[in-house]
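I opened a new notebook page for this structure, and I wanted to look things up one at a time. The entries are meant for someone who has not seen it before.

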Amino acid sequence: MDPIKAWQDEHAYFRRLLALLQRQVDVFHGGERPNYELMLDIVSYLREYSDQVHHPREDVAFARLAQKAPELALSLERLKQEHRVMANAGDALKELLAEILDDAVVPRAEVEMAAATYLVYYDSHIAKEEEDVIARAARALGPEDWAAVKNAVPSVKDPLFGEVPEERYRKLRRQIAQEA
Ligand SMILES: [Fe+2]
Ligand SMILES: [Fe+2]
C-alpha cells in the first residue's frame, strides 16, 4: 500500500467521523439531546486508533522529515505536540461522555464546549498536515523511512474502517454507511 495514500485515506476517515461528531454538536444548538453514545464511540475510536497508531507513525515521519527539511522542524515539532494535546482533550471528552451515559449530572455546556474545542483542534491539525507536510514527506522520504514509520507501532487492524470492523463499533459503522 502506498504510504501517502494510506496516510490520506486515514485523514479522510477521521474527517468523516469529525463531521458526524460536528452534527451531534449542532444538535446542542437546537436544545435537543445529542446522541451521546455515538459521540462516545467516535472519540473512543479516535483515542484508540488515531492516538495509538496514526499519531505515533506520524511522529516518526515528522522526525525523519525534520532531518531532511530542517526549515520544517519547528512546525513539525508543533504538530507532534498537538498529538499530545489532542490525546488529552479526547480523554477529557471521553470521560465527560461516559459520565453522562452513566447518568451523572454534567452541565450540557461543558460537554458542548469540550466537543467543539476538540473538533476545531482536530480539523485544523489535519488541515495543516495535508497542506504543509504530506506532499513534502512524499518527496523527501524513502522506502527505509516509510518502513520505520510503519514499524513505529506493531501492525494492528483498524477496528472501525478495517475489512472486519469490530463488533463494538458496529453501530458507528452503520451510521457512517448511512451518511455516505
Ligand atoms: Fe497528526
Ligand atoms: Fe494525521
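The entries below go from the ground rules to a helix, then to the metal sites, and then to the salt bridges.

**Ground rules.** I noted that this is a predicted model, in which local features need pLDDT of at least 70 and side-chain atom pairs count only at pLDDT 80 or more, while totals for chains, interfaces and linings use all residues. Residues are numbered from 1 along each chain as its sequence is written, chains are lettered from A and ligands numbered from 1 in the order in which they are written, and side-chain values use heavy atoms, with hydrogens and water left out.

**Helix H1.** I looked up H1 (residues 3-29) and compared its length with expectation: at 1.5 Å a residue its 27 residues should span 39 Å, and the end C-alpha atoms are 40 Å apart, which agrees. The expected span here is 1.5 Å times one less than the number of residues, and helices are DSSP runs (H or I, at least four residues) numbered from the N terminus. At the N-terminal end I found aspartate 2 as a cap, with a side-chain oxygen 3.1 Å from the backbone nitrogen of isoleucine 4. After H1 comes glycine 31, whose phi is positive, near 75 degrees.

I then asked which residues of H1 are buried. Among them are Ile4, Trp7, His11, Phe14 and Phe28, where buried means under 20% relative accessible area, exposed over 50%, and partly exposed in between (1.4 Å probe, protein chains only). What covers the buried residues includes helices H2 (36-68), H4 (108-140), H5 (143-150) and H6 (170-179).

**Iron ion (ligand 2).** I wrote down the donors as His11 (NE2), His54 (NE2), Glu58 (OE) and Glu129 (OE), at 1.9 to 2.3 Å. Donors are N, O and S atoms within 2.8 Å of the metal (3.2 Å for Na, K and Ca), and sites may look incomplete, since water is not among the atoms. Along the chain these donors follow the spacing H-x42-H-x3-E-x70-E. Histidine 54 in helix H2 and glutamate 129 in helix H4 are 75 residues apart, so this pair links distant parts of the chain.

**Iron ion (ligand 1).** What are the protein donors of the iron ion (ligand 1)? I found Glu58 (OE), His83 (NE2), His125 (NE2) and Glu129 (OE), lying 1.9 to 2.1 Å from the ion. Their spacing along the chain is E-x24-H-x41-H-x3-E. Glutamate 58 bridges the iron ion (ligand 1) and the iron ion (ligand 2), which lie 3.2 Å apart. Because glutamate 58 lies in helix H2 and glutamate 129 in helix H4, the pair ties together parts that are 71 residues apart in sequence. Glutamate 58 counts as buried at 2% relative accessibility, and glutamate 129 is buried with a relative accessible area of 1%.

**Salt bridges.** I counted twelve salt bridges, each being a side-chain nitrogen of Lys or Arg within 4 Å of a carboxyl oxygen of Asp or Glu. One of them joins glutamate 48 and arginine 168 (2.9 Å, N to O); since glutamate 48 lies in helix H2 and arginine 168 in the loop between H5 and H6, the pair ties together parts that are 120 residues apart in sequence. Arginine 168 also forms a salt bridge with glutamate 166, the closest N and O atoms being 2.4 Å apart.

Methods
Helix = DSSP H or I, 4+ residues; strand = E, 2+ residues; numbered from the N terminus. Contact = heavy atoms within 4.5 Å. Polar contact = N/O pair within 3.5 Å; in protein donor to acceptor, adjacent residues only side chain to side chain.
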